[in-house]
Amino acid sequence: MNLTEYIESKRDEHLNDLFEFLRIPSVSAQSEHKPDIERAAKWVADRLGAAGLENIEIVPTKMHPLVYAESLHAPGKPTVLFYGHYDVQPAEPLDLWTSPAFEPTIRGGNLYGRGTADDKGQVHIHIRALDAIRKTAGKLPINLKVMVEGEEEVGSVSLWDFVIANKPRLKADALVVSDTGMLARGVPSITYALRGLNYYQIEITGPAQDLHSGIFGGAVPNPITILCELFAKLHDSNFRVTVPGFYDDVAKLSKAERKTLSDLPWKVKEFRKNVGAPGLMGEKGFSIGEQLWTRPTLELNGIWGGYTGEGSKTVIPSKAYAKFSTRLVPNQNQDKITRLLERHIRKLLPKTVRFKLDVHSQGKAWVAPYTHPFFEVAHRALEKGSRCRASCLASDCPTKTRTLRTSTSRSKIILAGSRPSRNSTKVWAACSELPHI
Ligand SMILES: [Zn+2]
């Protein structure tokens, strides 16, 4: 039986196995799911063992365990390190799910369930591809190291510790991160650049304590109103960020890159449909692709304060809060952006309130050497598995890349977008072509 026949013959078995993985509510952010996290780590370790990998370890960390495995039986051949994560985001709000988040359901040819496309589906595909190659070819044609963590959705803190402590062990020629998106249905995609991220929380304090609006209203500052005014002023009418110096270091797009972006087989119509808003809104003077992948942004992510419970409470709150973030592009310095932003906020806020700005997390923007031969091999493999040419695109997920870059020092990083599909296992099995470079 050849590789394709083997994969086809195992389709139902593969799908049921994926369902089992998806049923584990491995939510890394919620402590009540700690036993599920442990269960998911063990599930991954067991499957890696069944796929023939060795030296399998469930590594305990300060938070959630990380699973490591390897197969090093191809002397003289390249070593590829694969990264994935088994944890998922919380499923709430539950009432927005058509079918239960942790009961995988097929509707209209699509599989729905928390983690299906991020990142359990991809992890499962890789494990099954390795298994398929080993079962049909007898052994893996390259050396492989696999690292599957359980904290991706909460900042990958322990991954950093593990990588620093295991640098020689993680050394590889190429790193495959399968945790990014595809450009569109049927368009296999390789991500070659990632925007960076600064994530902030601001606290604005007005009165020393909550006040009654009937007694104090009209004569005291309301932190929520002031917070809203502040955020309204952080963009101009062309949707450009108003922080002075924000765009100063942004790398200029070359003509070639602009052309590559405009040639991508990407449909604005489909993008609009996916967004579902009555209209789109972005920085003037740039195409949607450029706005999404090459321009820095500032987004308000959450805002709260005062009374939001049932009924009414006529309160003038003492405090108002917001979480917000900036996506950054190559050449922008995260610390400089924070300094510029803080200075601007200080200038915009009235003296009637105090504020505190905390940086919750940071990630550096990154661009890969996408002309390296490894990328060409990845293109060939994706083409063979999916029967169409892969597109290169930029995306967002910087923290992990910085950590993983440290792990592999000079290795080339390939971020492969893979929405699980009928062909996905074949695509990844085709990646076994790596030794031919
Ligand atoms: Zn992910």
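**Close-up 1. Strand E6 is largely enclosed by the rest of the structure, because seven of its seven residues are buried.** Here, buried means that 20 or more other C-beta atoms, placed from the backbone, lie within 10 Å of the residue's own. This is a predicted model, in which local features need pLDDT of at least 70 and side-chain atom pairs count only at pLDDT 80 or more, while totals for chains, interfaces and linings use all residues. Residues are numbered from 1 along each chain as its sequence is written. Both faces of E6 are covered: Leu144, Val146 and Val148 are buried on one side, and Asn143, Lys145, Met147 and Glu149 on the other. Strands (E, at least two residues) and helices (H or I, at least four) are DSSP runs, numbered from the N terminus.

**Close-up 2. Meet the strands that pair with E6.** Strands pair if DSSP finds at least two bridges between them. E2 and E6 run antiparallel and are joined by five bridges; serine 71 has leucine 144 of E6 as its bridge partner. Strand E3 (residues 79-85) runs parallel to E6, with seven bridges, and threonine 79 stands opposite asparagine 143.

**Close-up 3. Helix H3 covers residues 34-50.** At 1.5 Å a residue, counted for one less than the number of residues, its 17 residues should span 24 Å, and the end C-alpha atoms are 25 Å apart, which agrees. Its buried residues include Ile37, Ala41, Trp43 and Leu48. Among the elements that the buried residues of H3 pack against are helix H4 (120-137) and strand E6 (143-149), with contact meaning C-beta atoms within 7 Å, placed from the backbone. After H3 comes glycine 52, whose phi is positive, near 95 degrees.

Methods
A residue is buried if 20 or more other C-beta atoms lie within 10 Å of its own, exposed if 12 or fewer, and partly exposed in between; C-beta atoms are placed from the backbone. Two residues are in contact if their C-beta atoms, placed from the backbone, lie within 7 Å.
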